Amino acid sequence: MVQRTRFVGHATGRFRCLASSFWTQANNFVSNLVIKHLAIAVGAWFLMRAVFNIAHGESPIASLLGCFALLSLNSLYALMQTYHTAGNAYATSDMVMSLWQFAASKLAPVAVGVCVMGIVWSVAHKRPWLHLAGSGFAFLCLFGLWALTKSYLGLS
Amino acid sequence: MNFYTGALHAVNWAANVICPILGAYFLCVALYFCGQAHNYGQAHSRYTHYWYAAWGMFLIPGLMRLLEAFTGNGTNASDPDTYYLALNSACNWLANVVLPMNAVVQLAKAIGAGSGVFSRTGHTPVWGPTHHVFIGLMSLCLSGIVKLILHFINNAQAVG
């Protein structure tokens, strides 16, 4: 409703009615068609793409992440709404920083699990694995590395 | 559905369900190739990576906890020294836990090499046991050797 009020703004008369109707239709289109139906269908195709990636000997991780993102579009939207601070001139940069913190604190430890599996898989196939061990540590130390990088540049 | 929960469940499924099965698969492969190597007169060590991978597949949750322990379990996560301390902890663990275990294995190998039980022909290499004993001693003394080298470096004086 807040967005609707913003979109319609101070319009009056017939234009206000048209704008309100357009907003309602667009909202229905996004929430009912795109999020509830289309995103799930495209996510299913991404899952099939992941299987084809494996068949081609490629990594399926990118396709799987795309599939997860499409299936969780609704909650990602809600997450971004919680990060959005209305009325703040720096709302965009604040949201980007909040998303970085979410990725560093929640998703990076999950990525460590993938790194560990990659290490064992590489050992099995006699491939180099030290870069996976190093990145595994880095995923767990992202906040520390961020503080270290800032200290290099003299930032607090 | 939540993105974080979905990714977490996917990784948990891979680590707790798929990886143990792959571990059993690698054990089968290792055993098969070990037999093949024996038939064709090749060294067994050419296929030991399958053994290591099999144990690694069974130990993936433990390895994950190990990496977390090295990084301090998230305590004081914003410390700039976190990455350095994690690598330092890993190095200490390798030098003071893994290498002494390797020393025991090397001593067992020295006994095996000296007795000739692992030799297909019964021929025992002259330097075989010595090689393993030397590696075992070096594994046990690595921390001391590193400290000795550092002592020499720190107390070095110009010649002449």
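Modeller: This is a predicted model, in which local features need pLDDT of at least 70, side-chain atom pairs count only at pLDDT 80 or more, and totals for chains, interfaces and linings use all residues. Residues are numbered from 1 along each chain as its sequence is written, with chains lettered from A and ligands numbered from 1 in the order in which they are written.

Colleague: How are α5(A) and α6(A) oriented to each other, roughly parallel or roughly antiparallel?
Modeller: The axes of α5 (residues 91-124) and α6 (residues 130-140) of chain A come within 9 Å and cross at roughly 165°. Axes are lines fitted to C-alpha atoms, for helices over the stretch in contact, and angles run from 0 to 180 degrees between N-to-C directions; helices are DSSP runs (H or I, at least four residues) numbered from the N terminus. Angles over 145 degrees count as roughly antiparallel and those under 35 as roughly parallel. The two helices are therefore roughly antiparallel.

Colleague: How many residues of the contact of α5(A) with α6(A) are nonpolar?
Modeller: The contact includes A:Ala108, A:Val112 and A:Ile119 of α5(A) and A:Leu132, A:Gly136 and A:Phe139 of α6(A); residues are in contact if their C-beta atoms, placed from the backbone, lie within 7 Å. Ala, Val, Leu, Ile, Met, Phe, Trp, Tyr, Cys and Pro count as nonpolar, Asp, Glu, Lys and Arg as charged, and the others, Gly among them, as polar. In this contact 4 are polar, none is charged, and the nonpolar residues number 11.

Colleague: Which element gives the most residues to the side of chain A that touches chain B?
Modeller: 30 residues of chain A are in contact with 34 residues of chain B. On the chain A side, the elements giving two or more residues are α3 (61-71), α4 (73-83), α5, α6 and α7 (142-152). With 11 residues, the one that gives the most is α5(A).

Colleague: How is α5(A) oriented to α2(B)?
Modeller: α5(A) packs against α2 (residues 48-58) of chain B with the axes 8 Å apart and an angle of about 160°. That makes the pair roughly antiparallel.

Colleague: Which residues of α5(A) meet α2(B)?
Modeller: On the α2(B) side are B:His49, B:Tyr50, B:Tyr52, B:Ala53, B:Gly56 and B:Met57. The residues of this contact divide into 7 nonpolar, 2 polar and no charged. Those from α5(A) are A:Val120, A:Val123 and A:Ala124.

Technical notes:
Parallel < 35°, antiparallel > 145°, perpendicular 65-115°, else oblique. Contact = placed C-beta atoms within 7 Å.
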